[in-house]
Structures are given as C-alpha cells and as structure tokens.
Amino acid sequence: MNVADSTRLSSALEQLGYRPAPQIEAADVIVLNTCVVRQSAEEKAIGRLSSLKKIKEQRPQTVICLMGCMVGMGDFSPLQKRFPFVDVFSAPSDTSRLISYLLETERLKTSDHHAAAWTILEQNDDFVLPVEMRGNSVAAFVPIVLGCSHACSYCVIPLRRGREISRPPEKILSEVCKLAEQGIQEITLLGQIVDRYGRENPVYPTLAELIRQIHPVDGVQRIRFLTSHPNWMTDELLGTLSELPKVMPHFELPIQAGDDEVLRRMRRGYTVEKYLSIVEKIRARFPFSSIATDLIVGFPGETAQQFEHSLQMLTTVRPDMTHVARYSPRPGTYSAMHMEDSVPDEEKWERFRAVETLQEKITAEINTRYLGENIPVLFEGKKKERWFGRTPTNKLVFTDSATSLLGKIESVKITWAGPWSMIGDISADQ
Ligand code: SF4
C-alpha cells in the first residue's frame, strides 16, 4: 500500500514540475513514507528522520514531508513537537497536504503547475505513471479498499489508516484503463481485506464483479489481488476467479497463528478448521496455484505447544511463502493495552527461525515441481545481466536473453529451482 501511495505522490509531484533528484541532499522536496506495523519499522523511520534533520539544517529551504502510518489519521501535534523540522505531516494515501503546502508557500514555478495542483486537489484521481516507471514498468498497484475496520487485537493499521472505505468502481476502472494505455500489463488490486471490496456500499460491485469489469480491459494481461481474509473469500469470488483466465492463481491468505485459542485472542474471527477449508477450496479450483501466508510468533501468552500448532499448520497447509513476524506491541492496540508481552525476545527469535527453516524446506520442495516445466513468465526487467519476471504463481524466474524481454510473456523451461527464485531457458517451442 505504501508503494502505491508513494507512486501516486511521485506522479502528482511530477505533474507539478518536480523530477527525481540525483541524490537526497540535492532534493527540493523529500517525502518519508513510513510504516509502523512493527516496532522495528517505526525505529527505522525515526532513524531516517534524524538524517533528514541534518539536511534541513544545511538547506533550510528543503521541504520535508512525513507521510504514512507514523502520522496516521488523527492529531499529529505530538509528532510536530518531536520533529519540528518537518514541514508537512501527511496521513496515509493523502497527497493533498503536501500539494497544498507547495501551493501556499508559492513553490510552484509556472501557472501550468499551479493549475495542475488545483486539478489534482479537486479530482485526486488523474493518475499517470511517474517518469521512472514509464516504459520501464509492466506491473502496477491499484488500491481499491483503503483502511480496515476489522481491528485484530495486535494491529495498528485501523488506527493509522482509518476505517474501511472502498474506492468508487468507476475510478478504479478508469485508473486501470489509464495504466494499461501507459503499458502496464499486470494490475494488483490492493486492500487490507481486499475481498471485502464494496461491502460497505450497497451500490458498489463485489470484488468478483469488479474483477469481471476489469478483465476485458485491453492491454491488461494479468490481474492479482491482495490481501485476502479467510472469512471473506467466498465461493462466488473463487468461482468467478476460476472462470477468468487473466486472474493469476496466487493467493495471499494470512493465517497469523495455527492455534484456535491464539486466533481467538488475536480477534481474527476464524478457526484453524475454517482456514483449512478455504485452502482446500482454493486448491480444488486451482490445482497449480500458490498460497502465501502471514504468521506472528510470540503473541502474548503463546505457549510452546500453541507455537507447535503453528508449525503443524504450516506442515499441513504447505504455503509457498510465509511472511513471519515477531510480535511487538503497537501503541493503542487492544493487545498492547490489555495483554502482557509475555514471550521473551530470545524465544520469539527462536520461533521465528524455526518458521523460516521449515518454510524454506517447504518452498524448496514445492519449487522442484517446476523443474522441466514450461511456464509463462511476464518479464519485468533486468538484474545483473539477467532478465527476470514472474510466473502466474508469483515465483521469480531469471533467464538469459540477448534481446529485450521487457513486457513480454515467454514460455520458460525451468532448469534450476531454489526456494527464492528459479532459472530457466526460453522454450525452443515458442
Ligand atoms: S485484517 Fe486485521 S491484520 Fe489485517 S489490516 Fe485489518 S486489523 Fe490489521
């Protein structure tokens, strides 16, 4: 979501005449887009802020904007007191405060840029790709649900990104069409619970209906969506997805814990059994699909046995990827206020490493299934002289080619498969 927000803000700034600076010290405007989902992310943002303070001291005319979940949706005066050198505090997904500030402080150089600023402030949906993405990018994120109203007991996102709001379908569709016109072939629809799209507004389509509307857009070859929630992944959604060939068979379905009691205290709203039933449904409809999950270790009161249940869960589900996090109490959340952070740090690390080791083994085993297969890969760019792209199941594949593969979908025969990436040759039978 932050990548999507940063892209939108870059695009807006470019329409106002700004261009990427060669190095941060030379920039007229610096935006620090922050994440506070875990304490380590917040500490990193604070570290970056102290280096920005030095830049502000040396070049006082530099505009410094702090954006994202560190600012949140409410009163940011405590941050103002703590970081007085910051000029603009912007809520997540909000580009208007920085643009208003640039207008008010008369920093926009031409009347065209002035007019563009007003257009963006009034419409806020005239999305064009930033310069560095134009002609170089084949994939883009499109936020469709902002905020979250679920309130899991550990999660700070509802407090920082606000309650769930679905974006109007016509804006989403027009944005997808504009992105396709600019060469984007893969669209990833974003939401904290993306499957809940449209639920709070009876005239909006469901996610399944929205994807049906996007599917025929010329130029869009692949559609993805994240993040799902087991309670909202309906049969209607799965049925629709299986009928639409542009929808990629990759699912981001967080489990968070493999123990019912821990899930209950996390306020996730489902049981292990329910989660497993959704996985079963996904695999029945999409036999060659991938599932990525999220797991928290060391949640307050998580016993060794409850953690063992999480490992068993992974062994049963065999996800392609687990994003594992050590629990850290986030200010204002239910768990931070009412539960003791009882699992010692060393124990959290041990559980973290146990999940990583197990997942690496599972992923390596799954990926060997790809050996010798011809898989369609959409190529996104070049890294260290090798072209890279993604399979429909979102696996990273590298290959050699003397000619540009950017934006091409090629059938690649997989010759090597590791846990994090694969290598292959463009199939001769193309
Ligand atoms: S569903 Fe739960 S974990 Fe996900 S954003 Fe909402 S509150 Fe946070």
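Predicted model: local features only at pLDDT ≥ 70, side-chain atom pairs only at ≥ 80, totals over all residues.
Where does E106 lie? E106 is found in the loop that joins α4 (96-104) to α5 (111-123).

## Domains

The domain assignment divides the protein into domain 1 (2-123), domain 2 (135-243), domain 3 (249-367) and domain 4 (374-426). Between the centres of domain 2 and domain 4, taken over C-alpha atoms, the separation is 26 Å. Seven residues from domain 2 and five residues from domain 4 make up the contact. On the side of domain 2 that touches domain 4, two residues are nonpolar, three are polar and two are charged.

## Nonpolar core

In soluble globular proteins, nonpolar side chains tend to be buried together. The largest nonpolar core of this model has 93 residues. Within this core, V142, I187, V194 and L207 touch the most other members.

The surroundings of I187 can be given in detail. When neighbours within four places in sequence are left aside, I187 is in contact with A140, V142, V176, L179, I214, V220 and I223. One of these contacts, V142, is itself named among the residues that touch the most other core members.

## Ligand surroundings

Which residues are around the ligand? They are C148, H150, A151, C152, C155, I157, P158, Q192, I193 and H229. By class, this shell consists of seven nonpolar and three polar residues, with no charged residue.

Strand β12 (residues 374-383) pairs with β13 in the antiparallel sense, over five bridges. Within this pairing, G381 stands opposite F388 of β13. The two strands form a hairpin with two residues between them, and K384 in the turn has a positive phi of about 45°.

β13 also pairs with β14 in the antiparallel sense, here over four bridges.

## Backbone features in loops

Most residues other than glycine have a negative phi, and most peptide bonds are trans. E106 is not a glycine, yet has a positive phi of about 55°. Is E106 buried or exposed? E106 is exposed, because 8 other C-beta atoms lie within 10 Å, and 12 or fewer count as exposed.

N394 likewise has a positive phi, near 75°, in a residue other than glycine. N394 lies in the loop between β13 (386-390) and β14 (396-399). With 19 other C-beta atoms within 10 Å, N394 is partly exposed, because a residue needs 20 or more to count as buried. The peptide bond from L226 to T227 is cis, with omega near 5°. T227 is placed in the loop between β8 (222-226) and α9 (235-243).

## The loop holding E25

E25 belongs to the loop between α1 (2-15) and β1 (29-34). With 12 other C-beta atoms within 10 Å, E25 is exposed, because the cut-off for exposed is 12 or fewer. E25 and K56 are 31 residues apart in sequence, while their C-alpha atoms are 9.2 Å apart in space.

Conventions
Residues numbered from 1 in each chain as written. Near = placed C-beta within 6 Å. Nonpolar A, V, L, I, M, F, W, Y, C, P; charged D, E, K, R; others polar. Domains from an automatic or database assignment. Contact = placed C-beta atoms within 7 Å. Core = buried A, V, L, I, M, F, W, Y, C linked by C-beta atoms within 7 Å. Pairing = 2+ DSSP bridges.
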